[in-house]
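Student: I would like to learn how to read a few features of a structure. Could you take me through them one by one?

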Amino acid sequence: MDYLIDPRVFTICQEYGIAIVDGRSYPGIRETRAVITLDRILATKGENHFRMVLTTVAETENNQGYIDKNLLWAVSDLVEAFAGIVEHQPSEWLECFDAAPVGELQVVSKRLRHQRFALVGMLAERVVRRFGPNAGQGDLFDERRAA
């Protein structure tokens, strides 16, 4: 059974300078073979979220080496968890990711059973270190608050 990929995945990746390579080849710098992951992020989280994930990966130097499914999902999780920072301090968000040793963290997490979640934790620690212990906490009047 063939899996149909949303054509926007290819178009948007091209905009960000990320090449999608064949699943049997080893991706190089700014290349990925995680096309199904990209499609799922776009389908479940929407285009704005998808673009922010790609911005975080493509516009920071330390994230371009190995763009695999675990990194993409980890960045997606973090964009969602730290939405306030992403929205209100996008430059600082990108600087934080640029300073993180993403490739080294990927190597460390590769040995673990749940690589995506390990990577989220290690990267979240750096976000909290940079933005403070309340980095992921929404504003008191945040629309997500239930009455």
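This is a predicted model: local features need pLDDT of at least 70, side-chain atom pairs count only at pLDDT 80 or more; totals for chains, interfaces and linings use all residues.

Student: What is the volume of the second largest pocket?

Tutor: The volume is about 150 Å³.

Student: Which helix supplies the largest share of the lining of the second largest pocket?

Tutor: That is α5, with three residues. At least two lining residues come from each of α3 (47-58), α4 (69-81) and α5 (83-88).

Student: Let us move on to Trp73. Is Trp73 buried or exposed?

Tutor: Buried means under 20% relative accessible area. Trp73 has 17%, so this residue counts as buried. Trp73 sits in helix α4.

Student: Which residues does Trp73 touch, leaving aside those up to four places away in sequence?

Tutor: Trp73 is in contact with Thr37, Arg40, Ile41, Thr44 and Arg116. Compare sequence and space as well: Trp73 and Phe117 are 44 residues apart in sequence, while their C-alpha atoms are 8.9 Å apart.

Student: And the cysteines? How many disulfides does the count give?

Tutor: A disulfide is a covalent bond between the sulfur atoms of two cysteines. The cut-off used here is a pair of cysteine sulfur atoms within 2.5 Å, and the count comes to zero.

Student: Are Cys13 and Cys96 buried or exposed?

Tutor: Cys13 is buried, at a relative accessible area of 0%, and Cys96 is buried at 6%.

Notes: Residues are numbered from 1 along each chain as its sequence is written. Side-chain values use heavy atoms; hydrogens and water are left out. Buried means under 20% relative accessible area, exposed over 50%, partly exposed in between (1.4 Å probe, protein chains only). On a 1 Å grid over the protein atoms alone, a cavity is a set of points where a 1.4 Å probe fits but cannot get out, and a pocket is an open set with protein on both sides within 12 Å along at least five of seven lines; lining residues have an atom within 4 Å of a point. Grid points are joined across faces, edges and corners, and a volume is the space filled by probe spheres set on the points. Helices (H or I, at least four residues) and strands (E, at least two) are DSSP runs, numbered from the N terminus. Contact means heavy atoms within 4.5 Å.
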